[in-house]
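Open the structure in your viewer and keep the sequence panel beside it. This tour goes stop by stop: what to select, then what is there.

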Amino acid sequence: MGGSAPELEITIISAKHLKNVNWRNGDLRPYATFWFNYNYDKPRNTTKVDNSNSTKPVWDEHFVIGLPFPPYSTFLKLEIRHNAQPLHLRKHLVGTLLFKLKDLPDPENSNLIRKFDLTRPSGRPNGKIHLKLCFP
């Protein structure tokens with residue numbers, strides 16, 4: 001790598017079987033946001049909102065991110081949230097993924113679609129997220 005910071009390529013493809021946390025007020029308008037190692041003070045990376053009003057959103061958004069830590073000690077934290085309208089309303093948490101990058105099998109395969117379970121704040125399952133993750 002020649003001393004350069006490691007990078008992660010991530011494509012947030014889609015999710016399925018999400019619970020509509022906005023069911024009292026309307027359809028689900030989900031987006032994904034992610035960061036590394038609980039760096040709450042750092043900017044987060046965020047997809048666009050899926051406005052299909054579905055619990056099976058599709059984003060298909062690609063990011064190349066410089067990692068703040070070596071891959072063996074880096075965690076990826078991803079959240080699916082509902083984009084409330086008007087925007088000042090609370091952004092309801094739909095599901096969360098916490099993943100150790102060192103546990104990524106076949107880390108150079110940029111075409112492999114990986115499926116991860118999402119959990120609710122209670123810890124119960126809430127759907128799946130489809131991602132492409134690799135170290136270029």
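What share of the contacts in the protein chain with a separation of 6 or more comes from residues 24 or more positions apart? The figure is 64%. Keep in mind that this is a predicted model.

**Stop 1: the whole chain**

Show the protein chain as a cartoon. You will find eight strands and zero helices. The accessible area is about 7600 Å², and carbon and sulfur atoms hold 52% of that. Of the 136 residues, 43% are buried.

**Stop 2: the nonpolar core**

Select Ile 12, Phe 34, Leu 78, Ile 80 and Ile 129. These residues touch the most other members of the largest nonpolar core, which has 27 residues. Next, colour the strands that give two or more residues to this core: strand 1 (7-16), strand 2 (30-36), strand 4 (58-66), strand 5, strand 6 (93-100), strand 7 (114-119) and strand 8 (125-134). Which strand gives the most? Strand 1 does, with four residues.

Stay on Ile 80 and show its neighbours. Leaving aside residues up to four places away in sequence, Ile 80 touches several residues, including Leu 18, Trp 59, Leu 118 and Ile 129. Its contacts also include Pro 30, Tyr 31 and Ala 32. Look as well for His 92, Leu 93, Val 94 and Gly 95, which Ile 80 touches too.

**Stop 3: His 82**

Move along to His 82, in strand 5 (residues 75-82). Is this histidine buried or exposed? His 82 counts as buried because its relative accessible area is 2%, below the 20% cut-off. Show its side chain and the backbone of Arg 29. The side chain of His 82 reaches the backbone nitrogen of Arg 29 at 3.1 Å. His 82 touches Asp 27, Leu 28, Arg 29, Pro 30 and Tyr 31, among others. Val 21, Asn 22, Lys 91, His 92 and Val 94 are also among its contacts.

**Stop 4**

Select strand 8. Seven of its 10 residues are buried, so this strand is mostly covered. To see one place where they face each other, pick Ser 14, which stands opposite His 130 in strand 8.

How many bridges join strand 7 to strand 8? There are five, and these strands also run antiparallel. Pick Thr 119: its bridge partner in strand 8 is Pro 125. Then follow the turn. The hairpin of strand 7 and strand 8 has five residues between the strands, and Gly 123 there takes a positive phi near 95°.

**Stop 5**

Most residues other than glycine have a negative phi. Two residues here are worth a click.

Start with His 17, in the loop between strand 1 and strand 2. His 17 is not a glycine, yet its phi is positive, about 60°. At 57% relative accessibility, His 17 is exposed.

Go on to Asp 60, in strand 4. Asp 60 is not a glycine either, and its phi is positive at about 50°. Its relative accessible area is 54%, so Asp 60 counts as exposed.

**Stop 5: the aromatic pairs**

Zoom to Phe 34 and Phe 36. Their ring centres are 6.2 Å apart and the planes meet at 85°, so the pair is edge-to-face. Phe 34 is buried at 0% relative accessibility, and Phe 36 is buried at 5%.

Now select Phe 99 and Phe 116. The ring centres lie 4.8 Å apart with planes at 65°, so this pair is edge-to-face. Phe 99 is in strand 6 and Phe 116 in strand 7, so the pair ties together parts that are 17 residues apart in sequence. Both Phe 99 and Phe 116 are buried.

Ring pairs link Phe 34, Phe 36 and Phe 63 into a cluster.

Key:
Residues are numbered from 1 along each chain as its sequence is written. This is a predicted model: local features need pLDDT of at least 70, side-chain atom pairs count only at pLDDT 80 or more; totals for chains, interfaces and linings use all residues. Side-chain values use heavy atoms; hydrogens and water are left out. Buried means under 20% relative accessible area, exposed over 50%, partly exposed in between (1.4 Å probe, protein chains only). Contact means heavy atoms within 4.5 Å. Accessible areas come from the Shrake-Rupley method with a 1.4 Å probe; for residues, only the protein chains shown count as cover. A polar contact is a pair of N or O atoms within 3.5 Å; within protein, one must be able to donate a hydrogen and the other to accept it, and residues adjacent in sequence count only if both atoms are side-chain atoms. A nonpolar core is a set of buried Ala, Val, Leu, Ile, Met, Phe, Trp, Tyr and Cys residues joined through side-chain atoms within 4.5 Å. Two strands pair if DSSP finds at least two bridges between them. Rings of Phe, Tyr and Trp (its six-membered ring) pair if their centres lie within 6.5 Å; planes under 30 degrees apart count as stacked, over 60 as edge-to-face and the rest as tilted.
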